[in-house]
Amino acid sequence: MAVSDAPDGAAGEAGDLDGVAGYMQGAKEQALKNVEQVAEGVAAETLPEGKLFEIAQSIGDKRLSELTVEDTTCGYCAVGCRFDLYSDGEEILAARPTAEEDAPVNGISTCVKGKFGYDFVNSDDRLTSPLVRDEDGAFREATWDEALARAAEGLGAIRDEHGGDALSVIASSKATNEENYLMGKFARQVLGTNSVDNCNRLCHSSTVAGLAKTYGYGAASVSVDDLEETDCYLITGSNTTEAHPVIATRIKQNVRDGADLLVFDPREVQIAEYATQYSRVEPGYDAVWINGITRHIVNNDLHDEAFVAERTTGFEDVREAVQEFTPERVEEVTGVPPAEIEAAAETIAAADTCVFGWTLGLTEHSHGTENVMAMANLAAVTGNLGEPGTGVSPFRGQNNVQGGGGDMGPLPDNFPGYQDVADDEVRAKFEDAWDCDISPEYGYYTTQMFLAADDDDLRGMYIIGENAALSEPGVNHAEEILADLDFLVVQDLFVTETAEYADVVLPASSFVEKTGTFTNTDRTVQMVKQVMPPKGDSRPDWKILQALANRMGRDWDYDSTAEIMEEVNSLTPLYGGVSHERVEAEGGLQWPCWDEDHPGTERLYAEEFNTDDGKAHLQAVGFSEPAETPDEEYPFTLTTGRVLYQYHTGTMTHREEGIMQYTPSDFVEIHPDTAVDHGIEDGDLVRVESRRGSIVVPAQVTDRVGPDTVFAPIHFAESAVNRLTDEEHLDPAAATPEFKVSAVRVAPAEGEAEPVTAADVDAGTGDD
């Protein structure tokens, strides 16, 4: 829309100005007044405040009538912040929080990435034309006609000679719902394979599996408003203030007003600074301390007897299973003292309401599904489901991993809406709608694709918006597989590390260059709107998929993503009432939204669970340990995670100069006692080595980690921490790799070269 059509919250304040420099100066002053909301606990002197002046200067000579303003949804994490983007048609000039009533999740708040991180759109190395690999092995620019022909020929040859099962698709949780729906459809209808998966497999698949088995839906039961209303939080495996800053703001404000905050984590992450109780745990044993809390609650009759009796099954099995997790046993295994287990249990039991939140620290394990089921048991036995201020809240990482990565069905075992591929009636519905035969056999999960390729059972891949060469566990092996594939098509914004291995590279459009929907971490479907034209000759993913499908013998004829969503809701009961028109008019809809008259579902399980009998099916969870534990040769546990100023593997943030000033390279956190024992000082280069590889990074000596644990971020291609992680031991229910526990050794890297930083290289990285 033009600025003259902008809502009051977008342009009204500056509507009478010749330019917006005055507005931007006011925005700077407001940002500094609300530093906690803008940068989540980062000191004012570290804010990239110069960026505000840069923005003001860049648009100070332009009249508002010359700019395009669109309200849209953020393309970073899955909090689902909404704001107005200002563009002159060539670049994004400013991001401004929209009117609070139009931004149900964030109000006037944004994080540093959502406010400033847009230089990637016009980066000099942005992919703007298709590339094909010549006979000499080098890339050259090609027309869309040639590139699509090469892609169709290469994929089609494998399909025709070896069958569709020899191909796979890796979908993108950064793309829209509509595009991810087409990715799943393309895999099954065009290629003839169920081997389609996405980054959800590497993060929250164990959440989906664990919650689906206990409650029926593999998603958050809460709305974000519950995070402001609850009396108590139990948060684990979540660096909330750095990974989900706007959610952290809501939590911190509620704690300030009297709510209790319990944090269990191997690192004393920033959210722990605000905690009523912080307990350090040994990585890989979360079900142990969770079961210890449950044991104290049920053995002391602190559970919600009425809720358990009326709304659950399996309670006696859980009661019996948790008996082995005595306070002494919990302390021996996890390091958490009995007094802290007791205090946490009684705080939860005494609270009128409690929300249980987690991210990948709970899920990225070889037994992550068990961890999630243990947490689901705890929420249920305390009756903290279905009421305001209660529920489970797995904070999702990528902007559309809930919708695109899960709901839309680019999954080897599910169609859109979590409809089982093996269900004959469901499969027949999609075969009829898509005019194709679909196998009832599940396809390969993401990491299994690379293992299958090792055995020549999989020969070609189509990878969309995913940088598997960095995000897969055991990166060394992933690189070998990508190099050996018969044919590889990569579709992305940049020539990523993965694209370096491709036969054809197709240039996609970013979220600011297209229209569609994202679904955020609390199941809210929101509009994404095009604010500027696609860069160069890049195209939105849905248009590329349609063109390639038609090259390979189909007749797709979608005119818009709104039309694609109409097909989605005709086949997907959870989205039955979701349309672009309704999402726009109502400012978002939470699924389940069964039909056009349904208002959406603010909070799951108010009346019943999504199970055959309407009850929560509690699951007895016993003792499991990590697949790889420390020993004399590799005496430390490496755990990985995120930092505030970076995002996943860096495609977007590595191209923002201001952001790169704060965390320009990788590092490893080492406890002071460990540092002394190994002759390491803060800033020294350290070699971190596992059974699979090694990296050299600077040391940060800190007591944020325990003496037996080291921590490294995931964001840097230059050090690629996933060279150290394990791809062989997967969660048996969810096939999630064990990213959070790797046995390593550390030593000074004397005489070795300084590690390369993202600022020193052409940062061609993609997002996991």
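Two strands are said to pair if DSSP finds at least two bridges between them. This report applies that idea to a predicted model.

**The hairpin of β2 and β3**

Strand β2 (residues 82–87) pairs with β3 in the antiparallel sense, and five bridges connect them. One of the residues involved is S87, whose bridge partner in β3 is I92. Four residues lie between the two strands of this hairpin, and G89 takes a positive phi near 95° there. Strand β3 covers residues 92–97; six of its six residues are buried, so the strand is largely enclosed by the rest of the structure.

**The barrel**

Six strands close into a barrel with mixed pairing, in the order β23-β27-β24-β26-β25-β30. Direction ignored, neighbouring strands of this sheet are turned by 45° against each other on average. Strands β23 and β30 run antiparallel and are joined by three bridges. Within this pair, A743 in β30 is the bridge partner of T637.

| Strand pair | Bridges | A bridge partner pair |
|---|---|---|
| β2 (residues 82–87) and β3 | five bridges | S87 and I92 |
| β23 (residues 636–641) and β30 (residues 742–748) | three bridges | T637 and A743 |

**Residue A712**

A712 is found in strand β27 (residues 709–713). Is this residue buried or exposed? Buried means under 20% relative accessible area; A712 has 1% relative accessibility and therefore counts as buried. Leaving aside neighbours within four places in sequence, A712 is in contact with L638, T639, T640, G641, D666, F667 and V721. A712 and T639 are 73 residues apart in sequence, yet their C-alpha atoms are 6.7 Å apart in space.

Note on methods: Residues numbered from 1 in each chain as written. Predicted model: local features only at pLDDT ≥ 70, side-chain atom pairs only at ≥ 80, totals over all residues. Heavy atoms only, no water. Buried < 20%, exposed > 50% of the residue type's maximum accessible area, 1.4 Å probe, protein only. Contact = heavy atoms within 4.5 Å. Axes fitted to C-alpha atoms, helices over the stretch in contact; angles between N-to-C directions.
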